[in-house]
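Thanks for coming. I will take one model today and walk through some of its helix packing. Please have a look at the screen.

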Amino acid sequence: MASAAAWNDKRFEIIIGRLLRAGVMLAAAWVLAGGIHYLIQFRGEKPDYRAFHGEPADLRYIREIVHEGLELNARALIQFGLLLLIATPIARVAFSVIGFALEEDWMYVGITLAVLTLLIYTFISS
Amino acid sequence: MTTFEFAILIAIGSLVAGLLGALTGLGGGVVIVPLLTLAFGVDIRYAIGASLVSVIATSSGAAAAYLKEGYSNMRVGMFLEVATTIGAVTGAYLAVSTPTKAIAIIFGVVLLYSAYSANKPQKDLLSDDPPDRWATLLKLDGTYPTARGERSYHVRHVPAGFGLMYLAGVLSGLLGIGSGAVKVLAMDQAMRIPFKVSTTTSNFMIGVTAAASAGIYLHRGYIDPGIAMPVMLGVLAGALIGARILPGAKVRTLRLVFSIVIAALAVEMIFKGVKGTF
């Protein structure tokens with residue numbers, strides 16, 4: 001039993017590892033592009049982060065970030081890249097559900113689905 | 001300081017933090033918050049938001065390299081993620097109601113422990129006792145490759161490990177760090193998982209744990225693009241460079257020096273927190 005399960009585990013882990021890396025690189029490229037845009041636009045301003053004001057609503061919620069990002073708002077483009085980044089580990093958990101299902105390990109399908117549900121809930125709601 | 005200077009300086013600082021974190025095994029996240037708050041005067045809430053994002057980047061970025069080695073135990077990781085993600089959500093909600101002074105003090109204490117823990121000798125505590133009931137039920141026991149072939153190991157003290165992982169999740173969500181030191185405590189010390197298995201499995205878990213609280217931080221307005229952008233790019237670049245030069249590096253002295261720096265930052269955070277100037 002050990003060898004078949006372990007082999008599947010390892011093959012899946014390698015695929016998942018590559019997926020994560022690609023997700024991170026895509027997110028980093030997006031953040032970098034938004035960042036260059038941001039620095040050109042705001043380079044001369046004097047930011048003040050000493051006091052906490054919180055971000056405006058259009059940089060806090062997925063729908064607003066996507067909407068502003070489509071209008072090429074520099075800050076929203078960075079936030080969108082960060083959303084992609086936060087989504088990579090969530091995608092990894094989703095793939096693990098498939099991995100355990102292929103091994104027909106229903107207990108771990110259940111455990112993984114529980115983790116996935118919590119992650120998706122915190123990601124989309126507030 | 002203009003936006004441009006601010007971003008460049010933070011990116012350079014984060015790159016060094018990511019590099020040292022990868023080389024010493026302490027992780028880049030641990031020094032981001034002290035760097036931003038003490039050196040740049042950034043509010044600790046923005047600092048925690050940016051640090052959390054960088055933790056996800058290093059964890060997911062390093063996963064491909066770790067996973068190829070075949071040490072990680074997916075079942076142990078996924079089972080313990082139930083504890084760490086619930087903990088992370090708890091921590092993120094606690095962060096909203098906890099005074100920043102108190103967060104600074106807790107941060108300092110965790111930093112001190114991390115610096116101490118990283119310099120302890122790593123020894124596998126494998127036991128040959130009969131299998132643990134919980135470990136058998138949850139199919140947590142596994143094998144890992146060694147020079148003399150596959151070696152099997154039994155996972156012990158599952159409830160204690162699960163509880164400690166919940167604590168690791170709370171600290172991760174409250175402080176925006178990976179909580180690697182607490183994960184080592186849970187997996188190596190309590191659950192007796194071999195060091196190589198626990199390191200790779202915990203790297204895997206750190207990103208998932210951080211993702212559980214990152215959404216809450218984003219909705220609360222803690223993640224500022226002007227800070228998170230240079231921190232994330234800097235830490236990620238540093239971590240990738242670090243992973244490349246790690247095999248040939250002599251890290252013991254570096255780890256000691258980095259730990260002393262971390263301890264000094266920890267003392268300053270505790271001091272400022274107690275004085276109420278944070």
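Which residues in helix 7 of chain B meet which residues in helix 8 of chain B? On the helix 7 side of chain B they are B:Ala160, B:Gly161, B:Leu164, B:Met165, B:Leu167, B:Ala168 and B:Leu171. On the helix 8 side of chain B they are B:Val182, B:Lys183, B:Leu185, B:Ala186, B:Met187 and B:Ala190. By class, that contact has eleven nonpolar, one polar and one charged residues.

Some conventions. This is a predicted model, in which local features need pLDDT of at least 70 and side-chain atom pairs count only at pLDDT 80 or more, while totals for chains, interfaces and linings use all residues. Residues are numbered from 1 along each chain as its sequence is written, and chains are lettered from A and ligands numbered from 1 in the order in which they are written.

Two residues are in contact if their C-beta atoms, placed from the backbone, lie within 7 Å. Helices (H or I, at least four residues) and strands (E, at least two) are DSSP runs, numbered from the N terminus. Ala, Val, Leu, Ile, Met, Phe, Trp, Tyr, Cys and Pro count as nonpolar, Asp, Glu, Lys and Arg as charged, and the others, Gly among them, as polar.

Now the geometry. Axes are lines fitted to C-alpha atoms, for helices over the stretch in contact, and angles run from 0 to 180 degrees between N-to-C directions. Helix 7 and helix 8 (residues 180–190) of chain B have axes 8 Å apart and pack at about 170°. That makes helix 7 of chain B roughly antiparallel to helix 8 of chain B; the cut-offs are under 35 degrees for roughly parallel, over 145 for roughly antiparallel, 65 to 115 for roughly perpendicular, and oblique for the rest.

How many residues of helix 8 of chain B are buried? Nine of the eleven, so helix 8 of chain B is largely enclosed by the rest of the structure. Buried here is 20 or more other C-beta atoms within 10 Å of the residue's own, exposed is 12 or fewer, and partly exposed is in between, with C-beta atoms placed from the backbone. B:Lys183 and B:Asp188 are among the buried residues. The cover includes helix 5, helix 7 and helix 9 (195–219) of chain B. After helix 8 of chain B comes B:Arg192, with a positive phi near 60°.

Helix 7 of chain B has other partners. With helix 9 of chain B the angle is about 50° and the axes are 9 Å apart, which makes the pair oblique. Here B:Gly169, B:Ser172 and B:Gly173 of helix 7 meet B:Thr209, B:Ala210 and B:Ser213 of helix 9. The class count for this contact is one nonpolar, five polar and no charged residues.

With helix 5 (residues 100–118) of chain B, the axes come within 11 Å and cross at roughly 130°, again oblique. B:Ile103, B:Ile106, B:Phe107 and B:Val110 in helix 5 meet B:Leu171, B:Leu174 and B:Leu175 in helix 7. That contact has seven nonpolar, no polar and no charged residues.

One residue in detail: B:Thr84, in helix 4 (residues 74–97) of chain B. B:Thr84 counts as buried because it has 33 C-beta neighbours inside 10 Å. Beyond four places in sequence, B:Thr84 is in contact with B:Met165, B:Ala168, B:Gly169, B:Met205 and B:Thr209.

Lastly, the chain contact takes 55 residues from chain A and 53 from chain B. Helix 1 of chain A gives the largest share of the chain A side, 19 residues.
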